[in-house]
Amino acid sequence: MFGPLGIWEILLILGIALLIFGPKKLPEIGRTLGRGIGEFRRATTDLKRSIEQEIDAEERAPKLPNPPALSEPAGSEPSIGSGGSGGSES
């Protein structure tokens, strides 16, 4: 029901909280805790929604072709560090 905590563990935690905070302060702490959990859930839902919208926008965006690989222009001399003998010099 509450994950790894059983009913006796939950009752023990509530009893200790009642002793520490008192009967007047405990409902206020519960409300504050509930509001915090609700705010956290809203924030995570908003974050999920914005991530999903970004993913959808990327999927719908037109795919651009990959740019051609950079290579030496035709008819140009080989670079100095190419390691070849060149063949034209005797």
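**Helices, a nonpolar patch and salt bridges**

Leucine 12 counts as exposed, because its relative accessibility of 54% is over the 50% cut-off. In this predicted model, leucine 12 is placed in helix H1. Together with Ile16, Ile20, Phe21 and Ile29, Leu12 makes a nonpolar surface patch of about 480 Å². Helix H1 supplies the largest share of the nonpolar patch, namely four residues.

The protein chain contains two helices and zero strands. Helix H1 covers residues 7-21, and its 15 residues should span 21 Å at 1.5 Å a residue; the end C-alpha atoms are 21 Å apart, which agrees. Just after H1, glycine 22 adopts a positive phi of about 85°. Of the 90 residues of the protein chain, 3% count as buried. The accessible surface of the chain comes to about 8,900 Å², and carbon and sulfur atoms account for 63% of this surface.

Side chains of opposite charge can pair when their charged atoms come close. Three salt bridges are present in the structure. In one of them, lysine 25 pairs with glutamate 28, with the closest N and O atoms 4.0 Å apart. Lysine 25 is partly exposed at a relative accessible area of 42%, and glutamate 28 is partly exposed at 39%.

Glutamate 39 forms a salt bridge with arginine 42, the closest N and O atoms being 3.1 Å apart. Glutamate 39 and arginine 42 are three residues apart in helix H2 (residues 26-60), and are therefore separated by about one helical turn. Aspartate 46 and arginine 49 also meet in a salt bridge, at 3.2 Å from N to O. Both residues lie in helix H2, three residues apart.

Note on methods:
Residues are numbered from 1 along each chain as its sequence is written. This is a predicted model: local features need pLDDT of at least 70, side-chain atom pairs count only at pLDDT 80 or more; totals for chains, interfaces and linings use all residues. Side-chain values use heavy atoms; hydrogens and water are left out. The expected span of a helix is 1.5 Å times one less than its number of residues. Patches are made of residues with over 30% relative accessible area and no salt bridge: like charges are joined within 9 Å, nonpolar side chains (Val, Leu, Ile, Met, Phe, Trp, Tyr) within 5 Å. Accessible areas come from the Shrake-Rupley method with a 1.4 Å probe; for residues, only the protein chains shown count as cover. A salt bridge is a side-chain nitrogen of Lys or Arg within 4 Å of a carboxyl oxygen of Asp or Glu. Buried means under 20% relative accessible area, exposed over 50%, partly exposed in between (1.4 Å probe, protein chains only).
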